[in-house]
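These entries record what I looked up on aromatic rings, charges over rings and nonpolar cores.

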Amino acid sequence: MVDDPRRRPVRAVRLRSVGDAELELQYRVVHGYRRAFRMAGEGPPLVLIHGIGDSSATWAELIPDLARTHTVIAPDLLGHGDSDKPRADYSVAAYANGVRDLLTTLGIESATLVGHSLGGGVAMQFAYQFPERTERLILVSAGGVGREVNPVLRLVSLPGAHLMLSSLRLPGMRLQVGLAVRLMKLLDTDLGQDAPDLLNLVDALPDETSRNAFIRTLRAVVDWRGQVVTMLDRCYLTEGMPTMLLWGDRDSVVPVRHAFGAHEAMPGSRLEIFEGAGHFPFHSDPTRFVSLVEEFTATTAPADWSRDHWRQLLREGGPGASRAGGAERDLREASERSAT
């Protein structure tokens, strides 16, 4: 663990049970599109943002525990899960807007954001666009740090991806892929750690509409060379915002070295590594995950955003603002362009 957060005494909490009805999907229509979400519990708001191809169901086993001390909101992002899947803008900036609008309809003005994979990129973008509404950031195997990403995702970003994804639904293909997954697990590969969860994402794309939304989302953040968006050039803006990074040391999708890069770029951030875990550390060790989230939210004060402080940070620029030559090139090469 690498730990340098500003802390305060643990607050007193009142635990409550969570009923099954609270975990069921609910719906709101925003801008004419149906948004699905799960909402449970009482207390400080905690927003759980899933990754690409996934849905709020990925958090289902954790919500009852987290909802004992928080109001938990877990949306299905547009194009995912039970939310509508229109031909639309699936960029991280658009997703951040969508999360803001859903929270507004629910009467939630600010929250701690927990983002996994693509959801981590959305959470970072939300904090950049709406810092006054962001209390804390918890980034889990987050995208949007460096260029590297699993080669399979690069492949799916290419023309013809529709045919490839469709072929996985053909009779017999599921069995063949399942055998390959078991072999990877037997060989103890990093991809073998993540393959079962990644296969579930394929199962969540049963029709052409779902696959189209998935590919549009992927192409907004990945091309044949890797990730095409980054927040590294503006991570300095998280100064004063409690931030925790959670990563599996065997992540086959977003390598763990991205965690160390993000930790270095985010002033005062805290880093927790899950040994032996892959891209879904909250599935590998849900007890530790819930404990860390609860401890972090209980022992850190919400970010105190001010326009003057934000202006000062922007004017001064990040740590690399005064560096020249090689340092600037390194930043550009880490990931080609920012998520504005």
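I searched the whole structure, a predicted model, for aromatic pairs and found 7.

I then examined the pair formed by Phe282 and Phe289. The ring centres of Phe282 and Phe289 are 5.7 Å apart and their planes meet at 50 degrees, so I recorded the pair as tilted. I noted both Phe282 and Phe289 as buried.

I turned next to Trp305 and Trp310. Their ring centres lie 6.5 Å apart with the planes at 55 degrees, so this pair is tilted. I looked up the accessibility of each residue. Trp305 has 29% relative accessibility and therefore counts as partly exposed. Trp310, at 16%, falls under the 20% limit and so counts as buried.

I asked which residues form one aromatic cluster. The members are Trp59, Phe280, Phe282 and Phe289.

I also looked for charges over rings. Arg234 lies over the face of Tyr128, 4.5 Å from the ring centre. Arg288 has its charged end over the ring of Phe274, at 4.3 Å from the centre.

Finally, I listed the nonpolar cores. The largest has 51 residues, and the members touching the most others are Val47, Val99, Leu137, Leu139 and Met266. For Leu139 I set aside neighbours within four places in sequence and found contacts with Gly115, Gly120, Ala123, Met124, Met244, Leu245, Leu246 and Met266. I found a second, separate core of 24 residues, among them Leu66, Ala67, Phe274 and Phe289. Phe274 of this second core is the residue whose ring lies under the charged end of Arg288, and Phe289 also belongs to the aromatic cluster.

Methods:
Residues numbered from 1 in each chain as written. Predicted model: local features only at pLDDT ≥ 70, side-chain atom pairs only at ≥ 80, totals over all residues. Heavy atoms only, no water. Core = buried A, V, L, I, M, F, W, Y, C linked by side-chain atoms within 4.5 Å. Buried < 20%, exposed > 50% of the residue type's maximum accessible area, 1.4 Å probe, protein only. Contact = heavy atoms within 4.5 Å. Phe/Tyr/Trp six-rings, centres within 6.5 Å; stacked < 30°, edge-to-face > 60°. Lys NZ or Arg CZ within 6 Å of the ring centre and 35° of its normal.
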